[in-house]
Amino acid sequence: MDTTESRTRHREVVAAVVAPVDPQLVIGGVRRPASDGATFDVLDPATGGVLAAVASGTVDDARACVDAAAAAGPGWARTAPRKRSEVLQRTYQLMVARAEELALLITAENGKALADARGEVLYSAEFFRWYAEEAVRIRGDVQTAPGGANNILVLHQPVGVALLVTPWNFPAAMAARKIAPALAAGCTTILKPAAETPLTALALVALMEEAGLPAGVVNVLPSAQPGPVVSAVLADPRVRKLSFTGSTTVGRTLLHQANEHIVNCSLELGGNAPFVVFADADLEAAIEGAMIAKMRNGGEACTAANRFFVEEGIAASFSARLVQAMGSLTMGPGSDPSVDVGPLVNQAARSKVESLVTGAVTGGATLELGGETPAGEGFYYPPTVLTGVAADAEILHTEIFGPVAPVVTFTTEDEAVDLANDTEYGLVAYVYTGDLARGLRVSERIEAGMVGLNRGLVSDPAAPFGGVKESGLGREGGVEGLLAFTESKYIALTW
Ligand code: NAD
């Protein structure tokens, strides 16, 4: 556990990075308080103390955001692709130059360890670089109609005003993964960051303004009342796109609301990733991958390995090594560079993890490591390993969103696939095997939008990220992520 000295240092460090952030709404390039003057507190998960009071956008502010985005829309859509690209390219450069301040700001409000926050900043910056490169390569298509009488011309045009709603677990990356392709495509946007982590979004947009972002192209609407403000935006027929990342429950609600004006939706929702290890896998590599897939962000990732399925013959040695690796991690305030695991985001997140672990143990699981909430300030929960988890335990059917690894054994390939698919989610899966043919066969059979084959990390700005089943609709990243902010226009012509 951390020392008093590192806690004191933490308070100084976070106060220094939070101070320069303007905690107001950004509407049409102007910083404003909420229309009713209300604010909400952003907490430091390492202490439970208040970091900042941020303007809490109202329904009127939401409408003002739509007005600003709609007013800026035609000009931005007409802006030369090269000029749009340059704003994104300069944003990339500024993010890299300011990586340490941004990383500390993410750590301050989200709690994650600094190494994870640094990784997130660079990952986020890469979205700006990738879409700066893509902005000038939005190709159409032309072909002769099969009947031969005419031609088919296809243009990809910006979809229009886009509402971007992001979660707290990757406050920079989830915003970057939406803003960069939206702007590359020629859309103007309203960003509604999570109430737990609005400061990173505000800092990112300030940096984009330095990079030449015109007024109204990205409006930022933090709010303590997400339901009403998001509904108000979606109720406006000028809004043509919803790009949401968050829980399946909220995604489902927004999909219903989007039906009124038939809004184009991209949804990145929850996950319940299986991590399957066959007996022929390189055990060392599997543990290394497991540590990344489980412990990146302290387990607070939609891509986090949520269920470990290990072939019977190697299950005991896999679990023993996992216990050793997880047990060697240092827990403490994320701003301390020697810390591997920061606190969870808030008390509700910790209570959920506690109750899932207690439920599993009551159902017969063995606690091999961790499982005890530390006393004192901050929302800490220790790295925890469970074995012998019952098939019906809630922990295997719910996103844990914490540093807990439940291990279950299997005996055949078919059983592994059935276990992996026994969930309504289908975001990502991890498969470890020394047999490439089996790896590909199992990857093909697992119901997931993405598979890490002998890898514990799949995210890449150039790759299509997204899920099947109740993990979402559409893809972010890659060419797909850009086309998601466009509509295809077909022009039939004869020449
Ligand atoms: P959440 O669904 O509670 O919140 C996400 C966003 O929606 C926030 O901005 C929040 O303020 C807003 N929101 C909440 N209630 C709303 C409502 N009634 N109407 C409109 N907006 C509302 O999710 P979270 O707790 O912030 O994030 C964790 C979840 O996000 C997990 O389920 C995780 O798997 C998922 N996630 C998915 C991906 C992915 O790419 N698939 C990535 C990161 C996180």
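What follows is a walk through the ligand site. This is a predicted model, in which local features need pLDDT of at least 70, side-chain atom pairs count only at pLDDT 80 or more, and totals for chains, interfaces and linings use all residues. Residues are numbered from 1 along each chain as its sequence is written, and side-chain values use heavy atoms, with hydrogens and water left out.

The ligand is surrounded by 28 residues, counted when a heavy atom lies within 4 Å. The closest are T166, K192, S247, L269 and E399. By class, the shell has 16 nonpolar, 8 polar and 4 charged residues; Gly counts as polar here.

Which parts of the chain supply it? Domain 1 (4-269 + 471-491) and domain 2 (273-460) each give at least three residues, with bounds from an automatic or database domain assignment. Among helices and strands, taken as DSSP runs (H or I, at least four residues; E, at least two), α8 gives the most, 3 residues.

Now the polar contacts, pairs of N or O atoms within 3.5 Å. K192 places a polar side-chain atom 2.7 Å from a ligand oxygen. For R177 the corresponding distance is 2.8 Å, and for an N or O atom in the W168 side chain, 2.8 Å.

Conventions
A polar contact is a pair of N or O atoms within 3.5 Å; within protein, one must be able to donate a hydrogen and the other to accept it, and residues adjacent in sequence count only if both atoms are side-chain atoms.
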